[in-house]
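User: I would like to go through this model and ask what stands behind each label. Please set the values against the cut-offs.

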Amino acid sequence: MDVNGMVVGDKCGGSGGNDGARSGGLGGEDGGGAVSFGQEISGISNSHGSFQNEEVDSSCTISPGGRKYYIPVCEDHLKPFVKKSFPSLESGIAFYKDYALLSGFDIRRSAQKTDSDDETVISKYLLCNRAGFTEIKKKSLDCSKGKARKKRTMSGRCGCDAKLVLRFAPGNIYFVSNFVEAHNHSLVPEGSRHFLKGRRKMSTCSMNFVFDASKVNIGASKSFRMMKELVKGYENVGGTSRDFRNFDRDMKAFIGEADGQMIIDKFKVLQETDPMFFYEYDVDLAGNLTKLFWADSTARRNYELYGDAVSFDPTFNTNKYNMVFAPFTGVDKHNKCVTFASTLLSREDVTNFTWAFNAMLKAMRRNPVVLVTDQCPAMKQAVPECFKATDEFPASRHRLCMWHITEKFPAKLGHFLCKETDFMEKIKKYIWSSTIEPAEFEEGWKSVMDEFKLEDHAWLSYLYAMRESWIPAYFRDKPMYGLIRTTSRSESENFFFSQFHQSGSTLSEFYIRFESAMDKQRNETKNLNHVDSSAKPATISTLFLEDDAAELYTREIFYKIQEEILAARDDMRIQTIGPEINGMKCYEMKDVKMKDKLFKVEVSRTHANCSCKKFLMCGILCRHAFCALNHFEVVKIPRRLVLNRWMKNAENKASLQMFGLLDDHQNKESVSAELANVWFTFHKCVTVAGIDLVKLKQISTTVKELHVSFVNDGASFNKKDFLGNLIGNKPVGEITIHPPVQCKNKGSGLKRLLSEREKAIKQVEKKKRKCKLCGSTVHDQRTCPKKKKIVEEEVMNGVDTEISS
């Protein structure tokens, strides 16, 4: 034997376990015949110094044959012994597993014998994880290189004989029939025992934490580090970083090919819980999910309150199937984005958009006043087809995003015209203005075109022909047409959702993260509601109209109203005042910040009408009207001019008939939330106990008693059941709705043809290669003209040197 206790020329103890058992039952039922390392052979330890690093929680003994054995040291009531009984097989296995973890080794289940009649387990063998030896396989040859490929692997098998045998006995109990205690390998020290496989099993709290973190787009590795801080040490986490990362893999594997069926089954359950939850889906001939639309009761109520103006713009890279995610977005009473409904589509074509708009109309039961999109030709065809006029509602006005159009001016007209001249400044004065009439816009447009000789430009002529779809001057005649002028609301909403979604998410994971995003959006709305109900914004002027506005409007809208009131006080100049006829006066006034522009305001005690039509377009009273009302000595804003959508109590006027069952589903207790509460309550108890040993022992005793009672009750942890609770149970029987096929949309990462402008920008940004000899970017060192001259000079110099020599 060498100084480390290994038998020279033998395999890690070889058959020493059997020899030790025969020579005195070392670690067996008798336990005699062994030499105690700490007593009889202390001299060997001192003379050779080979055992000075042994762990204090295990004793090392040497058999008469000279082989080392390690016997775990732990409290007697935690150690198995022959004839110890257990109420069930699983409780016996759990007891031996706990003993192994306390002692510093892993176990594995081995052979068992069952009754042929009722499948009762008669005997069960539990072995040390290092029992047996690794089978040596023949080396595979690499055909391409003809060399043996060595796979770098490690094996902990060393033929350890430690084991526990459980046998069935009358009375439906199990007892220990054989217990071999000694190991022929050193045991894992206390500081490294959290790496044992038995302790690396993630608990429900850990999995719940990883799952909840993924809802807000926090990855598994970062979740592992956060969990370590919560439990005050890596050894208390119950798993490694790889285990946390594997949990996401297991979750996707659990979903598998049932993804489409699971999301539809989840929607069915949501509809049973909340009857106002609406969803629709469509599949292709092969049963693959192609379209999905949903809106819960809160979203449908929001549409009833704020659904006059809707923005619709698809986004990409939100799920593994590359389906287009397109939320319907509006503006709520706090001037914040609000989501009315959402849809996932396999393609961006007329068929898919028509289906989505029809589902939206079916869920909301009325047309939006105005729908803002980009210049997608498919949407241009689908919007008027779906949101057409009915007996109850007028047709929706389709408005194109102004920003998308104006951004194309440099590409279509050239950078010189747009950047080096005042063309853009002059044309924007007519494009963006909301105070001019259509005739004024047309006159101004033509004057600019004549000045810059652009009357025959094809693209500008096309824009002029479709001017009624994007110029604000043509949206002044209908209520709320000017509330949303671009798809910036959708762009903001898409960015908001991108903080939660991942490109590799399944549909089930996608919807879970979508719910998390909606929780955040709605919580911020509740916070703003709380601020409005508990505080009043400060007023600046002494006007009664401002005090009244502070009482009526939400904070964000009040600040807009406040700007108009202050401008009415400081910037308005009344030019003429007409006589009062039937309680109404007509004012003509001038805004000092707008040259050569007169505004006409008709005002009474209960109404005001201004030629700028701001109230008609946006639902907010303009500065001209406030100036006239103040001069007419009106102290409160006429209630006919206060829209419910901007008031603090806007929700109070929602249809109770349609949304009376709102929030019923929120009373259902979530298992996930309960797990989190249990964990943090336990952590709070440990924190309160601090370093008080008595209190800590009390917590430990209570928890152990609960654990024993749960084990005796036959309670066992099933990972699949837990995943089913988090994501949704896998469908039973045949799957009729299959996951979507991989979609090919423009934002799915596929290569597309670049425009000439994009190619030029890419070429400019590309770092040019310079010649090392002359610094030119036209050629390199090999073809440099200067190189030829240098070579010729060197040749001539060589010839001259040769002649001179």
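This is a predicted model: local features need pLDDT of at least 70, side-chain atom pairs count only at pLDDT 80 or more; totals for chains, interfaces and linings use all residues.

User: What makes E509 and K252 a salt bridge?

Analyst: The distance does. A salt bridge needs a side-chain nitrogen of Lys or Arg within 4 Å of a carboxyl oxygen of Asp or Glu. The closest N and O atoms of E509 and K252 are 3.2 Å apart. E509 sits in helix 18 and K252 in helix 6 (residues 241–255), so the pair ties together parts that are 257 residues apart in sequence. Helices (H or I, at least four residues) and strands (E, at least two) are DSSP runs, numbered from the N terminus. K252 has 26% relative accessibility, so K252 counts as partly exposed. D248 also belongs to a salt-bridge network with K252 and E509.

User: What other salt bridges are there, and how many does the structure hold?

Analyst: The structure holds 24 salt bridges. One of them joins D349 and R347, with the closest N and O atoms 3.6 Å apart. D349 is partly exposed, because its relative accessible area is 24%. R347 is partly exposed too, at 48%. Another salt bridge joins the side chains of D571 and K593, at 3.6 Å from N to O. D571 is in the loop between helix 20 (555–570) and strand 18 (572–577), while K593 is in the loop between strand 19 (585–591) and strand 20 (598–603), 22 residues apart. D571 has 13% relative accessibility, so D571 counts as buried. K593 has 64%, so K593 counts as exposed.

User: What makes strand 11 and strand 17 edge strands?

Analyst: Their pairing. Two strands pair if DSSP finds at least two bridges between them. The open sheet has seven strands in the order 11-12-15-14-13-16-17, with mixed pairing. Strand 11 (278–283) and strand 17 (397–400) each pair on one side only. The twist averages 20° from one strand to the next.

User: How do you know that strand 11 pairs with strand 12?

Analyst: Six bridges join strand 11 to strand 12 (residues 289–295), and the two run antiparallel.

User: Which strands does helix 18 lie across?

Analyst: Helix 18 (residues 507–534) lies across strand 12, strand 14 (324–331) and strand 15 (337–345). Helix 18 runs at about 170° to strand 15. Axes are lines fitted to C-alpha atoms, for helices over the stretch in contact, and angles run from 0 to 180 degrees between N-to-C directions.

User: Why is helix 22 called largely enclosed?

Analyst: Seven of the nine residues of helix 22 (residues 623–631) are buried, so helix 22 is largely enclosed by the rest of the structure. Among the buried residues are H624, F626 and L629. The buried residues pack against elements including helix 19 (544–552), helix 20 and strand 21 (608–610). Contact means heavy atoms within 4.5 Å.

Notes: Residues are numbered from 1 along each chain as its sequence is written. Side-chain values use heavy atoms; hydrogens and water are left out. Buried means under 20% relative accessible area, exposed over 50%, partly exposed in between (1.4 Å probe, protein chains only).
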